[in-house]
Amino acid sequence: MTRVKVCCIASVEEANLAISYGAWVLGLVGHMPSGPGVISDLTIAKITSSVPDYIKTCLLTSETTVDGIVAHHRKTSTNMIQIVDSIDCDVYEILRKELPKVSIVQVVHVTDRSAIDTALKITPYVDYLLLDSGNPNLEIRELGGTGRTHNWELSAEIVERSSIPVFLAGGLGGDNVKSAIEKVNPFGIDLCSKIRTKNRLDAKKLQLLMKRVTENS
């Protein structure tokens, strides 16, 4: 079955709701230059400590240095880190030593075909790729949470050629997730804006989405 990562979790109550519908990962958004779902490190730590051990908790960090990433993680104690900006390859190697029990997810923003080479270059250093629709080249950098889809043909090529599991993100909801899974065949999908109503996780939208995912499995 396609794994589901429910991002922008804002509270313990939302975490429990996502888990009840089968979320495999909870996305917990730290400080970002733009985008939705940002919560305090204290709230992230509270959520992380409240959920069962088998649930994967993922800190989204915009930090790009070893010291910054490690310091951010130590405030939150998640078992995954999602790096939303590009970093040097030697940073990954040091992170492995500093945080040996923490899985690393690297975001690749699929803006054009250059994303394919970028993604494949990263695969030896991380545990998962996450293909999103941001644009880090804008004046106010978009590092996720845009609610937009991107070119799924490029994502499908990355999935086919990647040696590690790949998550697909960007504008996914009950209306298009079935098509996205059929076209891209990702290991997992990442959700935020289309399963929320008035900034709250919407049980009906989440239920519909999980039904669509199950139909594809």
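This briefing looks at the cysteines and at one helix of the structure above. The model is predicted, so local features need pLDDT of at least 70 and side-chain atom pairs count only at pLDDT 80 or more, while totals for chains, interfaces and linings use all residues. Residues are numbered from 1 along each chain as its sequence is written, and side-chain values use heavy atoms, with hydrogens and water left out.

**The disulfide**
- A search of the whole structure finds one disulfide, a term for a pair of cysteine sulfur atoms within 2.5 Å.
- Cys8 and Cys192 form this disulfide, with their sulfur atoms 2.2 Å apart.
- The pair links distant parts of the chain, 184 residues apart: Cys8 lies in the loop between strand E1 (3-6) and helix H1 (12-20), and Cys192 in the loop between strand E8 (188-191) and strand E9 (196-197).
- Helices (H or I, at least four residues) and strands (E, at least two) are DSSP runs, numbered from the N terminus.
- The torsion about the S-S bond is about -110°, so the disulfide is left-handed.
- Both Cys8 and Cys192 are buried, where buried means under 20% relative accessible area, exposed over 50%, and partly exposed in between (1.4 Å probe, protein chains only).

**Other cysteines**
- The sulfur of Cys7 is too far for a bond, because the closest cysteine sulfur, in Cys8, is 4.4 Å away.
- The sulfur of Cys89 is also too far for a bond, because the closest cysteine sulfur, in Cys58, is 19 Å away.

**Helix H2**
- Ile44, Ile47 and Thr48 are the buried residues of helix H2 (residues 41-50).
- The face of H2 turned away from its buried side carries the exposed residues Leu42, Lys46 and Ser49.
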